[in-house]
Amino acid sequence: MSTVIEEGIKQPEKFTYNHGLTKEQVERALNQAIQKVEENLEHFKDTFPDAASVNNVYQPVKNDHEWTQGFWTGMIWLAYETTGDEKFREVAEIQVETFKKRIDERLGLDHHDLGFLYTLSCVAAYKLTGNKEEKDIAIKAADTLLERFSEKGEFIQAWGNLNDPNNYRLIIDCYLNLPLLFWASEVTGDGRYYEAAYKHAKTAMHVVVRDDASTFHTYYFDRETGEPTKGVTAQGYSDDSCWSRGQAWGVYGFPLSYMYTKDERFMEMYHKVTQYFLNRLPEDYIPYWDLIFTEGDQYRDSSAASIAICGLLEADKWLPADHPLKKIYRNAALHMLKSLIDNYTTIDHPESNGLLLHAVYSIPHNGGVDECNIWGDYYYMEALVRVLKDWELYW
């Protein structure tokens, strides 16, 4: 980690002038988001929006595959927490039952994304309602995630059969799955969850961040020795480029790992990956789908912006008041959020059942390109809530 440079903010003036975002604008945007959630409650009660829209309309899927169903339930919980309206809680609890069935029957769980699935559904439910059954479902999910931890290499395997040497790798996204393990350790007193999450966080930090503070999407290890072997991408422009959403996972993931461990190395890395991200934002503050692009005719990824905003706002809580970059980071978050509110929402597209336009799921796999995607919608809504209140994280 000591070899990773901190390049600083190259155009500080871009983030120091007044962003112009008002509390009233944020409140209006959140109310619009809640209204959209309410409009979709009946349609997505025991089904879920697919990962990405088609022509900006989500199609329904069941909770038996994919890694993204938790984001919709998380949006419902945010709506419930913000309004206190019981109709949101009623639907969210119907959805939680599908998460119980999924973990009991282990449906489509051959991956590490149990945090995305169960933190925003069942951990959130327990934190908001105190329901012990929802707590138990989330602990069972944490147990299942723990099975993917490999002592050789000290990391959580991302995808697929654990015995397949081609699957012996991690991806940067897992930083947002680790809170499920950290939380499970807190509520059970069992240190195994904490140790696995902490070890993975340190391993990933050492391998996925390049010397220039850009990130690999995924990193392979030798199955016999546990030694790291190579970094590649499954979503970015190339193995050597920097996938925007992956970098955003780092912007949010490192402060979350710091929150649970208080290991200052995570905040040191936060500064480095965040500066790299901010330095490559185009004029409207919303990144292209890969940070190798800073201008031109390429797709934006509004979801990467939403994730990064949440990371910037989380880190803001841990930076001392006199930190020289504190104001710049917060202003950057609010500039991005204002750009999303002004230019990327579906407010003028009533036919859409999503919140944010111009997101990218996967250009290499030709899926969900220039569409709504459900995690972008969730993090956008979380960002709005974070700006308006001292929010207790579901993560």
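For sorting residues I count Ala, Val, Leu, Ile, Met, Phe, Trp, Tyr, Cys and Pro as nonpolar, Asp, Glu, Lys and Arg as charged, and the others, Gly among them, as polar.

**Ground rules.** I am working with a predicted model, where local features need pLDDT of at least 70, side-chain atom pairs count only at pLDDT 80 or more, and totals for chains, interfaces and linings use all residues. I number residues from 1 along each chain as its sequence is written, and side-chain values use heavy atoms, with hydrogens and water left out.

**Pockets.** I looked for open space on a 1 Å grid over the protein atoms alone; a pocket is an open set of points where a 1.4 Å probe fits, with protein on both sides within 12 Å along at least five of seven lines, and lining residues have an atom within 4 Å of a point. Volume is the space filled by probe spheres set on the points, which are joined across faces, edges and corners.

The largest pocket comes out at about 200 Å³. I find 13 residues lining this pocket, and Q32, A33, K36, T346 and I347 lie nearest its centre. Its lining splits into 6 nonpolar, 5 polar and 2 charged. Helix α2 (residues 23-40) gives the most to that lining, with 6 residues. My helices (H or I, at least four residues) and strands (E, at least two) are DSSP runs, numbered from the N terminus.

The second largest pocket holds about 160 Å³. It has 14 lining residues, with W67, W159, I171, D173 and Q235 nearest the centre. I sorted these too: 7 nonpolar, 4 polar and 3 charged.

**Helix pair.** Next I checked α9 (residues 244-261) against α13 (residues 374-388): their axes come within 14 Å and cross at roughly 35°. Axes here are lines fitted to C-alpha atoms over the stretch in contact, and angles run from 0 to 180 degrees between N-to-C directions.

Which residues meet? From α9 I get R245, W249 and Y252, and from α13 W375, Y379, E382 and R386, taking contact as heavy atoms within 4.5 Å. The residues of this contact are 4 nonpolar, no polar and 3 charged.

R106 is not a glycine, yet has a positive phi of about 50°. I placed R106 in the loop between α4 (86-105) and α5 (114-129). N366, another non-glycine, has phi near 55° and sits in the loop between β8 (359-362) and β9 (367-371).

Buried or exposed? My scale is buried under 20% relative accessible area, exposed over 50%, partly exposed in between (1.4 Å probe, protein chains only). R106 is at 44%, so I logged R106 as partly exposed. N366 reaches 67% and therefore counts as exposed.
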